[in-house]
Amino acid sequence: MTADRARRRKVMFANWKLNGCAESIETWIKTMAPLAEEGVLDIVLMPPALWMERARTGLERYPSRLALGAQNVAAWEQGAYTGEISARMMADAGACYALVGHSERRLLFGETDEMVSRKMACCWTAGLSPVLCIGETGFERETGETERVLKRQLGAVEGWVRPPPGKALWIAYEPVWSIGTGQAAGPDLVAAVLAGIHSHWAGLNATIHSQPRLLYGGSVSLANAASLIALEAVDGLLVGGASVNPESCADLCRAMIRALD
Ligand code: PEP
């Protein structure tokens, strides 16, 4: 392996969703921090919002390249939106990243492309890097709609991509049929879709300064993590269910680090 390749760090985003417990945050950070520090992998913990501050305190005890991200932010900066948490509040609590447009938000909470765009704008203003999630359903794939759906989801946010210096847009390809099903997309499919996203982005107008960083997410496990993280087109993996338990998440990260070394 060349020195250049060795220096290309990739990222594992751990989306806990509505799982875990407050007490496990410190154990998780203590277990994972050495892997982020020594390996070729950066790690981003996305805990339930209420535990963000607790996670930040954990990071102060175990300093490393481990960072925090929010699973969701409000589509408004402030106002009469009961129960919402703004991107600014998440940044104040220690987040550096935020998921926007996760398929569970789109499908279960009626999040529209317009709301996703507004959330992205709020992230930039608050200094968070948004992680835009896009992906087709199983029906859309079977009916040959994948490309159209992905272009629609990308097209909806095009006018809102304004990364300040030092920030990047992250795009996670997360086919809906693979999330939480145990049915991950194969490396060839992931490579083809990410190449499509890359060339779509390259063809956009000059207001979009930088290429996004590309992730894959959907049923990542010990069985497939190494082959997915090793793909040239992949800058990282977004992991849901397999990221909650600290020991098995550490095993997953070790497999990724071995594949990158
Ligand atoms: C996700 O929800 O972003 C995800 C990838 O979930 P899972 O790994 O559980 O499929």
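Begin by selecting Leu107, Leu108 and Phe109, which form a nonpolar patch on the surface with about 370 Å² of accessible area together. Patches are made of residues with over 30% relative accessible area and no salt bridge, where like charges are joined within 9 Å and nonpolar side chains (Val, Leu, Ile, Met, Phe, Trp, Tyr) within 5 Å. Accessible areas come from the Shrake-Rupley method with a 1.4 Å probe, and for residues only the protein chains shown count as cover. What you are looking at is a predicted model, in which local features need pLDDT of at least 70 and side-chain atom pairs count only at pLDDT 80 or more, while totals for chains, interfaces and linings use all residues. Residues are numbered from 1 along each chain as its sequence is written, and side-chain values use heavy atoms, with hydrogens and water left out.

Is leucine 108 buried or exposed? With a relative accessible area of 65%, leucine 108 is exposed, given that buried means under 20% relative accessible area, exposed over 50%, and partly exposed in between (1.4 Å probe, protein chains only).

Next, select helix H6, residues 113–126. The expected span of a helix is 1.5 Å times one less than its number of residues, so the 14 residues of H6 should span 20 Å, and this agrees with its end C-alpha atoms, which are 20 Å apart. Because 10 of these 14 residues are buried, H6 is largely enclosed by the rest of the structure; the buried residues include Val116, Met120, Cys123 and Trp124.

Just after H6, stop at glycine 127, which takes a positive phi of about 85°. From there, go to lysine 167, in the loop between H8 and strand S6 (170–173). The C-alpha atoms of lysine 167 and glycine 127 are separated by 7.8 Å, although the two residues are 40 residues apart along the chain. The side chain of lysine 167 reaches the backbone oxygen of glycine 127 at 3.1 Å. Lysine 167 counts as partly exposed at 28% relative accessibility, and, leaving out residues up to four places away in sequence, lysine 167 touches Cys96, Trp124, Gly127, Leu128 and Ser129.

For the last stops, turn to salt bridges, each a side-chain nitrogen of Lys or Arg within 4 Å of a carboxyl oxygen of Asp or Glu. How many salt bridges does a search of the whole structure find? The search finds 14. Select arginine 105 and glutamate 111, whose side chains meet in one at 3.4 Å, N to O; arginine 105 is partly exposed at 22% relative accessibility, whereas glutamate 111 is buried at 6%. Finally, select arginine 9 and aspartate 42, whose side chains meet in a salt bridge at 2.9 Å, N to O. This pair links distant parts of the chain, 33 residues apart, with arginine 9 in the loop between helix H1 (3–7) and strand S1 (10–15) and aspartate 42 in strand S2 (residues 41–46). Aspartate 42 is buried, with a relative accessible area of 16%.

Key
Helices (H or I, at least four residues) and strands (E, at least two) are DSSP runs, numbered from the N terminus. Contact means heavy atoms within 4.5 Å. A polar contact is a pair of N or O atoms within 3.5 Å; within protein, one must be able to donate a hydrogen and the other to accept it, and residues adjacent in sequence count only if both atoms are side-chain atoms.
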